[in-house]
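Here are some brief notes to read alongside the coordinates. Please go through them in order.

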Amino acid sequence: MSHYITSESVTEGHPDKLCDQISDAILDDALRQDPNAHVACECLATTGLVVVAGEMRTKGYIPIAEIARRTIEEIGYDDAVFGFDHKACAVVVSVGEQSSDIQMGVDCDKNKEHEQGAGDQGLMFGFACDETKELIPLPIALAHKLTKKLAQVRKRNGLTYLRPDGKSQVTVQYGDDGRPERIECIVVSTQHAEDVSHKQICKDIRKHVIEPVCGNLMDGKTKVHINPTGRFVIGGPPGDCGLTGRKIIVDTYGGYSRHGGGAFSGKDPSKVDRSAAYAARWIAKHVVKAKLARKCEVQVAYAIGIAAPVSVHVETFGTGKVSDRKMEKAITQVFDLRPAAIIRDLDLLKPQYRKLATYGHMGREDLGVKWEVCDRVEKLLKAVKKG
């Protein structure tokens, strides 16, 4: 029987995503000055106020308030008429030093095993499937394309009544064979100026956003909802308090696959919440790219201060050409999942995280990130064949 899967995305002006971008912009600046910086940076944004808090260990000086204001301006909150702008909002900073107890487990010179340990315990998931060229699920791929297109028409296409906050949601119908067939429903909500009519918004968004992205998968039965409440003038932090790390499903696979316990933004790669999630995605994508399975989910888990993962689990949902247990064995031979090795292999100490804080961390071939590069396909195939 056919079934439906729904995913959502949000624009860069969404209050939670604004906070993610501030946190990751601060991380990028820390890594730019000191690649070995340790950062755990959270942000809260509400009417007229941004609060940045957390822990940091770095040799550089990070102008946190300045970075926050610059990020807010670049997102598009640059006029008081929007209810929130970079010049008028207060920025409160409360950042302390990283706990020395955590340092004992993470730093190789302090770790009893004399190698970099995991920054915390936790479990992480990576996923890939053959539904799109990026090997991510179709619902989240389309949802991201809609919000990205919404931002583009706001900035470049002359729809000056649009404001930075916005959301999309896409429901895809799947057939008996598990393949996507058509779009069942599309929802797009966009913040707008007060003097524009709902009719004009619906006409423009359908023409300039929805049809260019989704037109080939829509049919006469596809339901389309544009600003379904009829009004979205109050948006951004004045409309909804924003927090770092509150859009983790948007950041990954849109609910199609599982997610571990931790968010990504504001965390340096010594935190396996981030680095191991990227590594798990890297591995899952290799499995699908090698045509060893149509779908692959990889779970890894760590203990704080210990380098090697405590477990690696693979699930191919009945689409694998070899057993999942055989796949696990091959994966552990080809991929080193210790934190220092992940950081080295995926080049995670370079500033690159602000750009990832919107429109997903996975499938981002457009940004050239290493966890989307499948350079070990032949090694994986040989390891599977060898058994």
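How many of the 18 residues of α7 are buried?

1. The model is predicted. In helix α7, 17 of the 18 residues are buried. Buried here means under 20% relative accessible area. The helix is therefore largely enclosed by the rest of the structure.

2. The length of α7 also checks out. This helix covers residues 272–289, and its 18 residues should span 26 Å at 1.5 Å a residue. The end C-alpha atoms lie 24 Å apart, which agrees with that expectation. Just after α7 comes Lys291, with a positive phi of about 60 degrees.

3. Four strands form an open sheet in the order β1-β6-β7-β8, and the pairing is mixed. The edges are β1 (3–10) and β8 (223–226). Each has a single partner strand, so one side of each is left without a neighbour in the sheet. On average, neighbouring strands of this sheet are turned by 15 degrees against each other, direction ignored.

4. Which way do β6 and β7 run relative to one another, parallel or antiparallel? They are antiparallel, with 10 bridges joining β6 (residues 162–174) to β7 (residues 180–192). For a specific pair to inspect, take Gln169: its bridge partner in β7 is Val187.

Conventions:
Residues are numbered from 1 along each chain as its sequence is written. This is a predicted model: local features need pLDDT of at least 70, side-chain atom pairs count only at pLDDT 80 or more; totals for chains, interfaces and linings use all residues. Side-chain values use heavy atoms; hydrogens and water are left out. Helices (H or I, at least four residues) and strands (E, at least two) are DSSP runs, numbered from the N terminus. The expected span of a helix is 1.5 Å times one less than its number of residues. Buried means under 20% relative accessible area, exposed over 50%, partly exposed in between (1.4 Å probe, protein chains only). Two strands pair if DSSP finds at least two bridges between them. Axes are lines fitted to C-alpha atoms, for helices over the stretch in contact, and angles run from 0 to 180 degrees between N-to-C directions.
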